[in-house]
Amino acid sequence: MITFEGVHKWFKKLHVLNDINLHVKPGEVVVVCGPSGSGKSTLIRTINQLEPINEGRLVVDGMDLSDKKTDINKLRAEVGFVFQQFNLYPHLSVLSNITLAPIKIRKTPKKEAEEQAMALLERVGLAVKRDAYPTQLSGGQQQRVAIARALAMKPRIMLFDEPTSALDPEMIGEVLAVMQDLAKSGMTMVVVTHEMGFAREVSDRVVFMDAGVILEEREPEAFFKNPQHERAQQFLKQLLSPMH
Amino acid sequence: MLNYHFDWSIITSGKYFEWLVSGVKVTLELSAISIVFAFVLGLLLAVLRMSQVKPVRYIALAYLEFFRNTPLLVQIFFWYFGSYKILPQAVNDWLNNTNFEFAAAVIALSIYTSAFIAEDIRSGILSIPKEQMEAARSAGFSYLRSMQYIILPQAVRITVPPLVNQFLNLAKNSSLAMTIGVAELTYQARQVESYTFKGFEAFGAATVVYLVISSSITFLVYQYDRRVLNPHKAA
């Protein structure tokens, strides 16, 4: 579904992605973690080409991103992206946020798009907020709407870039629950997160990055019980007891 | 003591009243049409000015600088007295059968004001967080569609106060069209003054009408902003 082969990326002189090789199978849930500045956000942003790669090969859902002829807008329509800061459209109601892309890009009739949007809002538990505007919602509610907005395009892959990092602690659970539900439905997901509970319970694989390099890539149980790499051991130790 | 004998009756009824009313109509028409053109042109220019393609950006910049930095009166004279010299005969024949003064005034006012509007809208676009563009692009919208559906609607909302300024300037600047013979309000007020020597009354009436037009524009735009653009803030 997603294949990185020897992918490199530089920001000026900074080598942010260094020889990335990674394969994500259909239906798999992969969690990417690592210290800040490790390149994990850049990695996930290359998958829908919010960040173009400089070297190597990247194939997403059969489309080769290194090929200039690939229609990038078509690819992005198949890949849902959820941001740390939600990025809902503030001038549109919750319902219009969700229906805009299906109506304009997929040419779904308005009525049908609205029915589907309502079904998605039910699914994330926010049907009553259909006419609200983003500024009237809490962070957790905004992120659930953002997930519904991404799902409205019926994507084949969902990408999450630190979806709970901007949320108050009591709102993290509601967003993770929606993501867990989505993972159970068989969606292919790549999730950048520090929520180790989510990684342990929901993911099929954990990828640990540092300084632009993938240092470990293992099943969650094995990774958490017995991290191989020294940097991963340090990282987990700090995550579990930040005071020490 | 004042020797001047005020006589408002000559402009509140009869022939001179009708002259002024027809002037008001022309002023309203000229302003309304030019505001629409100036706004659409301004939107387009603002987007071109931010294009990723360098030549497009520079052409838009040249347009802006050119029309922002020359006097409106010169531009009106240019379109009226100058442009027909370089146009094909067929176009001139057609123009002579239409209301060419009016058309030249609309062109000059729209183009001149669009340059200012474009800069206002551009500053509005720059104030929208870049994450909005990312969200739109990652949903599969092209650059221009992202502008159309997501960035511009937000930018225009922010730009409402400076836009009102530009609309007001345009409505008042429309009085310059009298110099090429457009029979708008100022033109008619001067006609009335020439025939009656009642300058205070004629231009006093014109002043009041301009005030009413300007306040109406302000009122209408802010109502539109509150009711249509930002309905959730009105509640």
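Predicted model: local features only at pLDDT ≥ 70, side-chain atom pairs only at ≥ 80, totals over all residues.
1. Chain A contains an open sheet of six strands, in the order E6-E7-E8-E3-E9-E10, and the pairing is mixed. Strand E6 (79-82) and strand E10 (213-218) of chain A are at the edges; each has a single partner strand, so one side of each has no neighbour in the sheet. On average, neighbouring strands of this sheet are turned by 15° against each other, direction ignored.

2. Strands E3 and E9. Within chain A, strand E3 (residues 29-33) and strand E9 (residues 205-210) run parallel and are joined by four bridges. A:Val32 has A:Val207 in E9(A) as its bridge partner.

3. Helices on the sheet. Helix H6 (residues 169-184) of chain A lies across E3, strand E7 (157-161) and strand E8 (188-192) of chain A, and runs at about 150° to E8(A). Helix H9 (residues 230-240) of chain A also packs on the sheet, where it touches E3, E9 and E10 of chain A. The direction of H9 makes about 100° with that of E9(A).

4. A salt bridge at strand E9. Over all chains, the structure holds 23 salt bridges. One of them joins the side chains of A:Glu28 and A:Arg205, at 2.9 Å from N to O. This pair links distant parts of the chain: A:Glu28 is in the loop between strand E2 (14-24) and E3 of chain A, while A:Arg205 is in strand E9 of chain A, 177 residues apart. A:Glu28 has a relative accessible area of 8%, so it counts as buried, the cut-off being under 20%. A:Arg205, with 12%, is buried too.

5. The side chains of A:Glu162 and A:Lys40 form a salt bridge of 3.8 Å, N to O. Here too the pair links distant parts of the chain, with A:Glu162 in the loop between E7 and H6 of chain A and A:Lys40 in helix H1 (residues 40-47) of chain A, 122 residues apart. Both A:Glu162 and A:Lys40 are buried.

6. A salt bridge between chains. B:Glu134 forms a salt bridge with A:Arg45, and their closest N and O atoms are 2.6 Å apart. The pair crosses from helix H7 (residues 130-138) of chain B, which holds B:Glu134, to helix H1 of chain A, which holds A:Arg45. B:Glu134 counts as buried at 14% relative accessibility, and A:Arg45 counts as buried at 14%. A network of salt bridges links A:Lys9, A:Arg45, A:Glu51 and B:Glu134.

How values were computed: Residues numbered from 1 in each chain as written. Chains lettered and ligands numbered in written order. Heavy atoms only, no water. Pairing = 2+ DSSP bridges. Helix = DSSP H or I, 4+ residues; strand = E, 2+ residues; numbered from the N terminus. Axes fitted to C-alpha atoms, helices over the stretch in contact; angles between N-to-C directions. Contact = heavy atoms within 4.5 Å. Salt bridge = Lys/Arg side-chain N within 4 Å of Asp/Glu carboxyl O. Buried < 20%, exposed > 50% of the residue type's maximum accessible area, 1.4 Å probe, protein only.
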